[in-house]
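Please look over the sequence and the structure shown here. The paragraphs after them go from the whole chain to single pairs of side chains.

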Amino acid sequence: MADVSLFRRDGREDADSVEDRAQIILITGLTLAVLFVAVVLLLNTVIYTENLATRGADAGGAEAIEFRDGVTEDLIEIMHREHRNASTGDVGDEFDARVATYARTVADLRARDGVIADVTVTGTKPGTLIFQNETSTGLRNMTNRSGTTPDWTVASDVNQTRDYQLTVDSTRVSNDESGAFAVVTERPGANWSVTLSNDAPDAINVTVSNGTGNGTTNVSKRFPHETGANVTIDLTAGTVDGDRFSQLVWAEGVQNGNDTYDIRYRNGDEAFGTYSFVIDDPDDTASDWSSRPYVADALYRVNVEIRHRTPELTYGEEVRLAPGERDA
């Protein structure tokens with residue numbers, strides 16, 4: 001600031017000039033104060049606006065996530081339904097048609113709430129469903145189709161398996177583990193198996209054997225249950241009637257590399273029950289509905305793009321649907 005003070009001839013500062021300078025300083029101070037207040041108000045406005053925007057995004061995001069989860073559950077149910085009806089036509093085409101109808105319905109319902117919703121299948125991987133579900137005429141044993149071979153190959157050259165579940169009559173498995181029913185996988189350099197035996201009417205013994213070039217590790221666990229009850233073993237989830245058995249998890253013992261493997265049943269005449277699983281599409285597995293176990297065309301995996309747009313938020317995600325898979 002330029003010096004605006006005036007001096008008299010005797011060298012003393014004029015009183016009026018002192019007063020003028022004081023006024024200028026006062027005005028400058030007031031101006032700075034106003035500027036500081038304005039800056040503070042501006043910052044507060046920005047922070048408030050961001051908070052509102054964040055809360056709005058959270059609310060819109062929660063709605064979008066809820067929509068995604070609902071669509072995922074619905075499409076998985078459609079997959080299961082098409083697998084159950086696989087003998088009536090091409091499962092891939094039927095699934096696409098069902099999803100297209102579902103997508104139109106969802107879009108219409110969401111549009112009433114001002115939401116633009118879209119569900120589109122972007123890719124599929126064919127698979128094969130292998131299952132034995134006979135119950136009306138009594139549980140069948142785990143032998144081959146002719147019922148004469150207890151040791152046999154259920155599927156060969158498999159890369160991936162999902163949703164593998166067995167349900168067995170706990171009173172009709174062997175008391176001797178060495179001769180009990182077992183699910184065995186064979187791959188180069190390593191085998192893996194789970195054996196089901198029963199030394200008491202109210203329990204089932206599950207033994208997992210993981211063999212490699214360095215030896216074999218056996219882990220057994222006893223699972224109590226109601227006397228005479230059927231027991232469900234989920235190989236890919238690693239559970240026995242819902243109870244966790246970590247060594248049972250399929251991905252840890254089988255799908256831990258790039259090698260293909262064969263799925264075999266050993267001592268199939270020592271267990272009675274049902275089973276089902278979905279594998280990727282080996283070249284030598286063809287659809288066959290002639291007798292149990294059935295072999296049906298299926299979908300191993302489906303990729304779906306889900307979009308949900310509101311005035312506040314645009315959400316999009318590609319979801320991979322492979323229910324019951326632990327190696328994804």
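Among contacts in the protein between residues at least 6 apart in sequence, 66% join residues at least 24 apart. The model is a predicted one. Three helices and 14 strands are found in the protein. Of its 328 residues, 40% are buried. The accessible surface comes to about 17600 Å², and carbon and sulfur atoms account for 49% of that surface.

Next come the charged side chains. Side chains of opposite charge can pair when their charged atoms come close. How many salt bridges does the count come to? The count is ten. One of them is formed by Arg110 and Glu63, whose closest N and O atoms are 3.6 Å apart. Arg110 belongs to helix H2 and Glu63 to helix H1 (residues 15–84), so this pair ties together parts that are 47 residues apart in sequence. Arg110 is partly exposed because its relative accessibility is 22%, a value between the limits of 20% for buried and 50% for exposed. Glu63 counts as partly exposed as well, at a relative accessible area of 30%.

A salt bridge also forms between Arg264 and Glu186, with 3.7 Å between the closest N and O atoms. Here the two residues sit in strands: Arg264 in strand S11 (residues 261–266) and Glu186 in strand S4 (residues 181–187), so the pair ties together parts that are 78 residues apart in sequence. Arg264 has a relative accessible area of 23% and is therefore partly exposed. Glu186 is partly exposed too, with a relative accessible area of 33%.

A further salt bridge joins Glu325 and Arg320, at 2.6 Å from N to O. Is Glu325 buried or exposed? Glu325 is buried, because its relative accessible area is 12%, and the limit for buried is under 20%.

Some charged residues belong to a patch instead. Which residues form a negative surface patch? Asp90, Asp93, Asp96, Asp281 and Asp297 do. Patch residues have no salt bridge and a relative accessible area of over 30%. Asp93 is one of the five residues named for this patch, and its place in the chain is helix H2 (residues 91–111). With a relative accessible area of 52%, Asp93 is exposed, because exposed means over 50%.

Key:
Residues numbered from 1 in each chain as written. Predicted model: local features only at pLDDT ≥ 70, side-chain atom pairs only at ≥ 80, totals over all residues. Heavy atoms only, no water. Patch = residues over 30% accessible without salt bridge, like charges linked within 9 Å, V, L, I, M, F, W, Y side chains within 5 Å. Areas by Shrake-Rupley, 256 points an atom, 1.4 Å probe, with all protein chains shown as cover. Salt bridge = Lys/Arg side-chain N within 4 Å of Asp/Glu carboxyl O. Lys, Arg positive; Asp, Glu negative; His and termini not counted. Charge placed at Lys NZ, Arg CZ, Asp CG, Glu CD. Helix = DSSP H or I, 4+ residues; strand = E, 2+ residues; numbered from the N terminus. Buried < 20%, exposed > 50% of the residue type's maximum accessible area, 1.4 Å probe, protein only. Contact = heavy atoms within 4.5 Å.
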